[in-house]
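Me: I am new to this structure and would like to learn how to read a few of its features. Can we take them one at a time?

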Amino acid sequence: MAVPEVLRQLSRRAWEPALARAHRAAVLMDAPSAEALHWAGGAGELLAAGALAVSALSAEAAVPAGTARTVIVLSGTLRGGAAAAVRGVLERGAVRHCVLLCGDEADGGGAAELEETLRRWMGEGGRAEVLLRGPPLLAPVSAELCLLPALAALLPPLPGPGGPGPAEVGLGALPAELRAAVRALVGELDSLFTALGLREESFAVGALSRVVAAELASYASARNRRRAATNKASVIFVDRTLDLAGAVGHHGDNLAEKILSVLPKLPGHKTDVMVNMVELTALQTTDETCDIIAPGCLAQPNDPAAKALWESFMNLKQKEAVMEARRHLVEAASRENLPIKMSMGRVTPEQLSSYIQLFRNNLKALENHCGLLQLVLATVQTLKHPQTSKWDNFLAFERLLLQTIGESEMPSVLNQLLPMIKSYNERTKDDYTCEDFLVLLIYIYSVVGEIKGGKELDIAEEKVKRALVKAICDEPEPSPLLQKITGCDSSLNLTSQKATDAVDGIFRSLRDIARVRVPMKQFHSIHNPGSNTHQASYKPLLKQVVEEVCNPDRPDPVDIEHISSGLTDLLKTGFSMFMKVNRPHPGDHPLLIIFMVGGVSVSEVKMVKDLVATRKPGTQVIVLSSVLLTPHSAVELLFASDRLQPDARI
């Protein structure tokens, strides 16, 4: 089976119950559901099915008059913030017929109990229908990558100084919200594997991955499925926190990664970005915040040419991807008989802009190639963006850090960083902002690994902390990211004490990040110190894992732990050593699924695809995760929210 195409079909199939009931209905959905629909087919599919309105779910959401029913789509179960929002809508009395599409509560009373709850909220005469979802709400971002937007806040907990060892972490030891997130993930994966007809062997790298794999192995529905299923697969769960350098680093030369990192996010979305469409209109403005024209985006699920170009952005080097953008644009212009003048050689943003202008006054051409034009505009805006030139500075500085880390102790590395932390009034456009420094600090502590403590390190960290606190307090207005980290929405509320508390918390987390690979034997390091003939380099943990899987000698993996459903109870009490006897190998099967618990980057997806194609041709590989990370979104996931408790609100 061609798994990427099957996943694409499944992502659409999950919406069939909503589409079947959309005629003359108002459709309300939470943000993760909207994001999944955005990549799977777009809100236009609901409107084409007869929906009168499609809007965000909130307790204040209004239902238009004349609707036959209200269809509510939840990415998870009817609990927490989702339940409060649905109740708020229904108790206002405008809805008399409610259809709810949601996930199944593992320990709940099923659809009948939920329908009774909805009728109670609607009051006398209300009709309710609950549809428990089959396939999960997937966002098929590319052929090799699918996301579960409902779990975007999931991140493996970092080990505290005296926290439980990796073998001691079981589901019961996790906070309630993280437990709920793990159970939700297991339910979603079981639904997905049922739809794919998979009989999987589960493997884990990292403490939370072990918990997830063990729960999936012992899940009653999954056990029944594995008895009947015929398609064999290896599923490897990997903890994101084991290698955060892969999430915040500026690796490679990938256009998609740069677009996703520098352009502003679509409101309510974790992955897709806003593309300024003013260039295709007669509106004359240089104001980048002008929002008269609706933004474009990257997801073009119904446009084959645009989809093909997006795959090029994900898989090719930047220069090749930009040339591919020009080729697609030239072919589109030729098909529309537009007077295009071909030019060879280097592709510039100005050249692409001049080609785009040809479409501006031709409405038919605009309509035929709208998806393609959005992607090329995203390319132009990214290449011109000031953050793009900074990308190369980051890359150069990260390479320098790798060299320095190999030659110096941590205090020396931090002392070299200190003069570069500048307040707002001292910074030029090329200097690093406070958020940029947090990116660099995560990179450093993740690459260095276990750090030798002592007075010298404490002093060096204290100096960096003071400089960061001063820089944060000197910001005229804290950025959205700094607002989330400090908990202050304006500079008036941002006191020195609040900034100090936030920075102290960050450094406690950084120490934990440095400790996270200590239990590892084979994947203990992601830093290659180099030699007289080779520069120091970064060894992505995910690359090490895939190389081990694809090793033709098939050695018994040390840190890739096989999780057997027969020994789950023993595993939960910490006897994971029994897993190492005659266990299956992750390279045994024709399908390899890697689930990054806590997010994945574009570079990592490309690396996995290329490695498997080279080392194990004939094996299909799919990367699944909860969110597609950029350097700044990784900072937010780590420092701006309680990493042990994914946000359950709408």
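Reply: Start with the nonpolar cores. In soluble globular proteins, nonpolar side chains tend to be buried together. In this predicted model, the largest nonpolar core has 132 residues. Trp310, Phe313 and Tyr445 have the most contacts inside this core.

Me: Which helix gives the most to this core?

Reply: Helix 19, residues 434-448, gives the most, with 11 residues.

Me: Which residues does Phe313 touch, not counting residues up to four places away in sequence?

Reply: With those left out, Phe313 touches Asn254, Leu255, Ala256 and Ile259, and also Ala321, Ala325, Leu375 and Thr379.

Me: How do I read a pair of packed helices?

Reply: Two packed helices are described by the angle between their axes and the distance between the axes. Take helix 1 (residues 3-13) and helix 7: their axes are 11 Å apart and the packing angle is about 120°.

Me: How are helix 1 and helix 7 placed to each other, oblique or parallel?

Reply: An angle over 145 degrees would count as roughly antiparallel, and 65 to 115 as roughly perpendicular. Helix 1 and helix 7 are therefore oblique to each other. The crossing of helix 1 past helix 7 is right-handed. On helix 1 the contact is made by Val6, Leu7, Leu10 and Arg13, and on helix 7 by Leu192, Ala195 and Leu196. Sorted by class, this contact of helix 1 with helix 7 has 6 nonpolar residues, no polar ones and 1 charged.

Me: What is the angle between helix 7 and helix 9?

Reply: Helix 7 (residues 176-196) and helix 9 (residues 220-228) have axes that cross at roughly 15° and come within 10 Å. Angles under 35 degrees count as roughly parallel, so helix 7 and helix 9 are roughly parallel to each other. Here the crossing is left-handed. Asp190, Phe193 and Thr194 of helix 7 make the contact with Ser221, Ala222 and Arg225 of helix 9. By class, there are 2 nonpolar, 2 polar and 2 charged residues in the contact of helix 7 with helix 9.

Me: Where is Asp430 found?

Reply: Asp430 sits in the loop between helix 18 (410-417) and helix 19. Its relative accessible area is 41%, so Asp430 is partly exposed. Leaving out residues up to four places away in sequence, Asp430 touches Lys390 and Asn393.

Me: How many residues separate Asp430 and Asn302 in sequence?

Reply: Asp430 and Asn302 are 128 residues apart in sequence, and 39 Å apart in space, C-alpha to C-alpha.

Definitions and conventions:
Residues numbered from 1 in each chain as written. Predicted model: local features only at pLDDT ≥ 70, side-chain atom pairs only at ≥ 80, totals over all residues. Heavy atoms only, no water. Axes fitted to C-alpha atoms, helices over the stretch in contact; angles between N-to-C directions. Helix = DSSP H or I, 4+ residues; strand = E, 2+ residues; numbered from the N terminus. Left-handed = near helix turned anticlockwise from the far one by under 90°. Contact = heavy atoms within 4.5 Å. Nonpolar A, V, L, I, M, F, W, Y, C, P; charged D, E, K, R; others polar. Core = buried A, V, L, I, M, F, W, Y, C linked by side-chain atoms within 4.5 Å. Buried < 20%, exposed > 50% of the residue type's maximum accessible area, 1.4 Å probe, protein only.
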